[in-house]
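Please view the model alongside the text.

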Protein chains: 2
Amino acid sequence: MSRGVDSGNAVVLVSGGLDSATVLAMARAEGWICHALSFDYGQRHKAELEAARRVAEAGGAETHRVVNLGLGEIGGSALTDAGIDVPEAGGEGIPVTYVPARNTVFLAVALGLAEVTGATDIFIGVNAVDYSGYPDCRPAFIAAFEQLANLATKAGVEGAHFRVHAPLIELSKADIIRRGTELGVDYSLTVTCYQADEGGRACGRCDACELRREGFRAAGLPDATRYIPG
Amino acid sequence: MSRGVDSGNAVVLVSGGLDSATVLAMARAEGWICHALSFDYGQRHKAELEAARRVAEAGGAETHRVVNLGLGEIGGSALTDAGIDVPEAGGEGIPVTYVPARNTVFLAVALGLAEVTGATDIFIGVNAVDYSGYPDCRPAFIAAFEQLANLATKAGVEGAHFRVHAPLIELSKADIIRRGTELGVDYSLTVTCYQADEGGRACGRCDACELRREGFRAAGLPDATRYIPG
């Protein structure tokens, strides 16, 4: 994997999915010492956390933490609430898989880890093109979080300037896959499917699977995804 | 307890301490239907969570949730890191008991609960006078979070305007105690001490105990705190 000059410490949100694996590779290519951060937030797909561990290690993260978040106590999303079915592809508007305030919570915890590790840079794999239905994936949200971070923290009070890097925000899924492939990302390690089995194999039918498969197709690259047979 | 006309749903952060018990009483007096939210974030003083349950019930909260947050995985504070001693009173600057990005994380989760309950109002007991060392207790931080909330959420996208109420922010501890006493708050239910024992009795020596005792003294009211003998 290509490497620049070390730029200092950064916190990288690593979900175990395709996007954040690419972000980690991009951050490492820029020379950041990367502290990977994943969340166990009651998501149904625990296979993602196993994938996050593999991705963090293969991607050269300096440290990797999994923080438990009891968002299931709050509910309101098909990803954490067992009473709501995961939809198949094709819906419109804000998807039912939306987790209330998810990226706000994730960035808030990342900000805490940034303070502890002396980092002022946070990397997140949000993407405004494919997931335009999620309000917390938009550039205006990211900019507002940077403002908040500067006011929320000891480092900010002392003059540090926090930056939230969202390098995928304007990229298509195909662009992301092409960029990651150039940087040597092994996408067979990643899990995107909302209904992956325990071994991390994908259902091939949900929104996330469809977007991912279409991404490989549009990139003109072989789909490394492992699917559940049938 | 006095009651106004119901104003709709609100999320109220309830820690089990004196400040948030007062905030809950203030929100109820304004007529809000209050959804109390507490956090189990690896704090040493589990007695606070028992106090939070009592405060939420006695204070007339409609619901009460305790969300688990694994902030201990991140560390960096005497309140969550067993390797750092809790200081006694008298330090200067930002205290070692500062939890990285704590109020940012708490408000982020509160925002998620607001979305689920259809609330756009969040009450938090931050106080800029006594805790001036904490950057995330300042009015500018609260205002920045409101901006973020409007951009982060489905409701915000649809035109709702989030408001973070911090009614204690400019009050002295004595003012808070006087206001709560007028509203009928039973402060013997609350736990403030960073080192309270399992029964919720206070050490009487830490920063938090000293501020609290001085508050009752300045308010000219009897100190309802239960202290550990000796």
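## Contact between the chains

Two residues are in contact if their C-beta atoms, placed from the backbone, lie within 7 Å. The model examined here is predicted. In it, 37 residues of chain B are in contact with 37 residues of chain A.

On the side of chain B that touches chain A, four elements of chain B supply at least two residues each: β3 (63-68), α3 (102-117), α4 (139-152) and α5 (154-157). The largest share of this side comes from α3(B), with 9 residues. Sorted by class, the side of chain B that touches chain A has 23 nonpolar residues, 9 polar residues and 5 charged residues.

## The sheet of chain A

Strands of a sheet pair through backbone hydrogen bonds, and the pairing is either parallel or antiparallel. Which kind of pairing is found in the sheet of chain A? The pairing is parallel: 5 strands form an open sheet, in the order β3-β2-β1-β4-β5. Its edge strands are β3 (63-68) and β5 (163-165) of chain A, and each of these pairs on one side only. On average, neighbouring strands of this sheet are turned by 25 degrees against each other, direction ignored.

Strand β4 (residues 121-123) of chain A runs parallel to β5(A), and 3 bridges join the two. Opposite A:Ile122 stands A:Val164, a residue of β5(A).

Helix α1 (residues 18-29) of chain A packs on the sheet. This helix touches β1 (8-13), β2 (32-40) and β4 of chain A. The direction of α1 makes about 160 degrees with that of β2(A).

Methods
Residues numbered from 1 in each chain as written. Chains lettered and ligands numbered in written order. Predicted model: local features only at pLDDT ≥ 70, side-chain atom pairs only at ≥ 80, totals over all residues. Nonpolar A, V, L, I, M, F, W, Y, C, P; charged D, E, K, R; others polar. Pairing = 2+ DSSP bridges. Axes fitted to C-alpha atoms, helices over the stretch in contact; angles between N-to-C directions.
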